[in-house]
Amino acid sequence: MSVNILMPALSPTMTEGKLARWLKKEGEAIASGDVIAEIETDKATMEVEAVDEGTLGRILVEAGTEGVKVNAPIAILVADGEAVPDAAPTAGAPEAAPAAQAATPAVASAPPAAAPAPAPAPVGEAAPKAGRVFASPLARRIAAQKGVDLGAVKGSGPNGRIVRRDVEAALAAPVAAPVAPKAAPQPTPTIDVPHTAVPNSSVRKVIARRLTEAKSTIPHFYVAMDVELDALLALRAQLNASSPAEGPGAFKLSVNDLLIKAVAVTLRRVPKVNASYTEDATILYDDVDVSVAVSVPDGLITPIIRNADRKSLSQISNEAKELIARARAGKLKPQEFQGGSFSISNMGMYGVKEFSAIINPPQAAILAIAAGEKRAVVKGDALAIATVMTVTLSVDHRVVDGALAAEWVAAFRSMVESPLSLVV
Amino acid sequence: MNKTEFDLVVVGGGPGGYVAAIRAAQLGLKAAVVEANHLGGICLNWGCIPTKALLRASEINHLLHHLGEFGFAADNVRFDLQKVVKRSRQVAGQLSSGVGHLLKKNKVTVFDGFGALAGKDGSRRLLSVTKDGKPVAMLSAQNIILATGARARVLPGLEPDGKLIWSYREAMVPTEMPKSLLVIGSGAIGIEFASFYRNMGAEVTVVEVLDRILPVEDEEISALAHKAFVKQGMTILTGAKIGPITKGADNVSLSVEAGGKTHALTVDRVISAVGIVGNVENLGLEGTAVTVERTHVKVDATCFTGEPGIYAIGDLAGPPWLAHKASHEGVMCVEAIAGRHVHPIDPLNIPGCTYCRPQIASVGLTEARAKEAGHKVRVGRFPFIGNGKAIAMGEPEGLVKTVFDAETGELLGAHMIGAEVTEMIQGYVIARTSELTDAELKETVFPHPTISEAMHEAVLAAYDGALHI
C-alpha cells in the first residue's frame, strides 16, 4: 500500500518551507533512515529521513519548490513492485497525516545556520552517485567529452531523464552565473599516493556546500583591530567573586560570555550591521540574536543566544554553557541553531594570533576573536604591558561598507575597554 | 456550469483544435469546439487526406503504365476522373464524420459557427459564436485556444477565379483533366499537385522564385527531386520571375523569365501554391495583448499568447505549417493549461513529408544549415540502388542522407527521397527525440529485406563505411 511522505516541520513554529532538493529519484529503493530530501526554511537546511522502506514511487513536489506547507504530501512511497498512483493517496484518517507518518527531520545536520540557496545551479546540486542515472545517449556522450558528472545533473526530460539541454545548462552554469556556487562535487581528482578516504558525513557535506556558497557568493572584506582586555578581565574577576559559591544564583562568567554581551550591545549601538542582504532590500533585524560557533566532533554548529543585548551576563553565561554542552552532544533543537543575526567565532583558547571567518549567511557579518595575550603597547609615549586580543570583523560588502565596519569595530573596542556598560 | 460555460473552448476544429479538445476532455476539462466549416479542418477536408487519396490514384495510374516491367500486359488503361475525385471526397467525408464521433465520445460540445473573443467576465473569457452573421451562442470559458488555421496566400494578378486559376481547393476537385498546367510555387503543396497531375498525364510546368525546388529540403534532395521530375516529363523553371498574365477563354498565357531566358507559356490551368496566411481576422483580438505578426499570432513555447487565458496553436501560431505540429501543440498546450509539466516542441524534431513520386521526407538540419550553425559534420549517403528490397519493388531511385555532428555523434538531420520514405522517417525522428547517437543507430538491427535498411546503411556510411555500396 502506498504511503504519502509528508513535508516535515523543522521547528514547532514552521508552517511552510522550501523543498530544496531530492536526494532520491523516482524508482529508487529507500531504506528506513535513508536521507531522501533536503528542506530549507529561511534559516536552515534540514535533511529528511525516511521512516518506512519501499520505493520512491512519485515525487509530488519538485525540487526548488518554495512555500510547501507542513504536512503536505511531497512524495509517494510504494511497496516494491506496486503500481504508483498518479496522485497522493488521500488519507482519510487523520492518523495518516502529520509528520509521524514517513518523514522526520534529521537532527543536527545543519552547520552554521544557513541561507536560502540561490537559484539552483545544476552542477552544484549533488545528486546521489549510487543507483542508475537516466540520461540520453547524447547527454552521456557530451557529459563524458566535457567532463560533466551526470550524477550532479538534474534531468528535465521525460521522467527526469537527463537530456542534452541539461548537460549544456550544467556546462553553461558557471559562466552564465559567476556568483553561483562552485560545483561542490568537483570531479574527484585521482589521488595515487597512500591515503585513507574518510567518507563525508552528511554534516560535512552540508558544511562544504554552505561555506562554499557563502565564500563564493558574498563579497567579503575584513576589518581588524587590537582590543585591550585588562579592564574586561578585571571586571570579570570582580563579578565572579561576587557569585554565590553554589545554588541557583551561582555563575562563573567566561571571557567569551562577556564578549557575547559586548557584541550584542555594540550591535544595538551600530544596528546597521545587524542585517541581511536580499535582492530587493537590506533587512535590518529588530532583535539581536548572536550565533556562537561551537566546534563539534564532526564539524561545527552555531547555537544562538537570542536577545543577547537584553540578557544579563549571568543569563548569557548559563544559557551559553547549556547550549554548548548540548551542541557537543548533538542534542540541539533546530530552532536553537537556525537563525541568528550575527556570529562570533572565538579561537582564543587555541592561542591563535588572528584569523578571518567566513560569513554565516544570511547574516552580514561575523567577528573572529583571537587569543588575548600580554603585549607591549604604547601609552602616553611610554611602553606598557597590556592584555591585547586581535579581532577581525568579516562583513558582507553588499550591506556594510568600510566606514560602517570600522565604526562597529571601534564601538566594540570601546565597549570591551570600558566594560561597565555591560553590567547595566 | 450551464450549457455555455466551459473550462476550455477551442476555436477551430482542425487537427490542432479537435485534438486539443479531446486531450482536454481526457484530462477532465469540460471542453467545446467552435468550427465554422467542417470538423477536421483543412487537413482532413481540403488538405493532407484528400490529396493522399488523389496521389494514390496517380501512383496507380503510373504503375498501370509500367506494367510491362513486372511482366504484365494490359490494354486500354484509362481512368474516370470523376470517380477518382469522388473517392477522394468520400475519404475526406468519412474521416470528418469520424472526428465528430470522436468528439461526441469524449463529450466535447461542438458549436457550428464562427468563434470570436468577446471580452471578459471576471477572470473568464467570453466567446461569441455566429453563423451567417447571426448570433448562435455566447460561451464563457476559463481558457480559450485559438486554432483557426491558415489559408492559401493570394498573389495579386493570381487571384483564384475557380476556372482558370486554381487554389488548392479547385485543384482538388477538377471536373476534367487539364492538358497543360502551370504550378506556381514548389513547396510541398505545389509539388504534390504537380506530381498528381503529371502522373495523371497532364503537361506540367513548375515555377519557383528561389533557385531550387523544395527549398526547405536538403540541397541534394532538391536536386534529385528536380532530376526525377524532369525525367517524368515535367518542366521546372527555378529562379523564375512571372510576367503579367493574360486570360483566354479556356487558357492562360504568360511569360516567365528564368535562367536568362524568357519563356512564353500557354497553359489550360494555373495552380497558385505560394504559401499561406494565417486566419487572424475577425477573431476579436483587438484590445487584447495578443500580438499578430505577419498574419500569425505570436506565442511562447507553450503556445501562450500573453493575454491571460488565450492560447494559439497550429498554422495560426506560425511555422512549420504541418498538421502534426498543430496536433502536438494542441496536446502540449492543453496539458500546460491543466497544470502538467510539458516539454516545448523542438522544431528540429518535427518531420516534414512531401507525397510526390518519388516521396520526400526529412527531419532536423540540412547539411548546409548544420554547417551554418557551426557544426563539424559527418555526412552519410546511401542510394536505393544498393538496397535489395527497393530493386525488387522496382523502386531503385532514391537516397538516404544522414548528417551527424562529428564531435558528439548527434544525428543533426536526415533526408530521404524515394519510395516509402514518408513511412520511414519516424525512425530518425525517434532517434532525434530520444537523443540517440550514431552508436545506437549503428547497433540497431534493421529487418531484411526492407527499404529501411538504407537508413542503417546511411548511418554506417557516415562512419565506418556502408556495407552494400
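Tutor: Start just past the end of the helix. Just after H6(A), Gly330(A) takes a positive phi of about 70°. Helices here are DSSP runs of H or I with at least four residues, strands are E runs of at least two, and both are numbered from the N terminus. The model is predicted: local features need pLDDT of at least 70, side-chain atom pairs count only at pLDDT 80 or more, and totals for chains, interfaces and linings use all residues. Residues are numbered from 1 along each chain as its sequence is written, and chains are lettered from A and ligands numbered from 1 in the order written.

Next, burial. A residue is buried if 20 or more other C-beta atoms lie within 10 Å of its own, exposed if 12 or fewer, and partly exposed in between, with C-beta atoms placed from the backbone. Ile316(A), Ser317(A), Ala320(A), Leu323(A) and Ala327(A) are buried. Seen down the axis of H6(A), the buried residues fall within an arc of 145°, so they line one face. The arc is taken from the directions from the helix axis to the C-beta atoms. An α-helix has 3.6 residues a turn, so residues three or four places apart point the same way. On the other side of H6(A), Glu322(A) and Ala325(A) are exposed.

Finally, the neighbours. The buried residues of H6(A) pack against several elements of chain A, including helix H5 (255-269), strand S13 (290-292) and helix H7 (334-337). Contact means C-beta atoms, placed from the backbone, within 7 Å.

Note on methods:
Contact = placed C-beta atoms within 7 Å.
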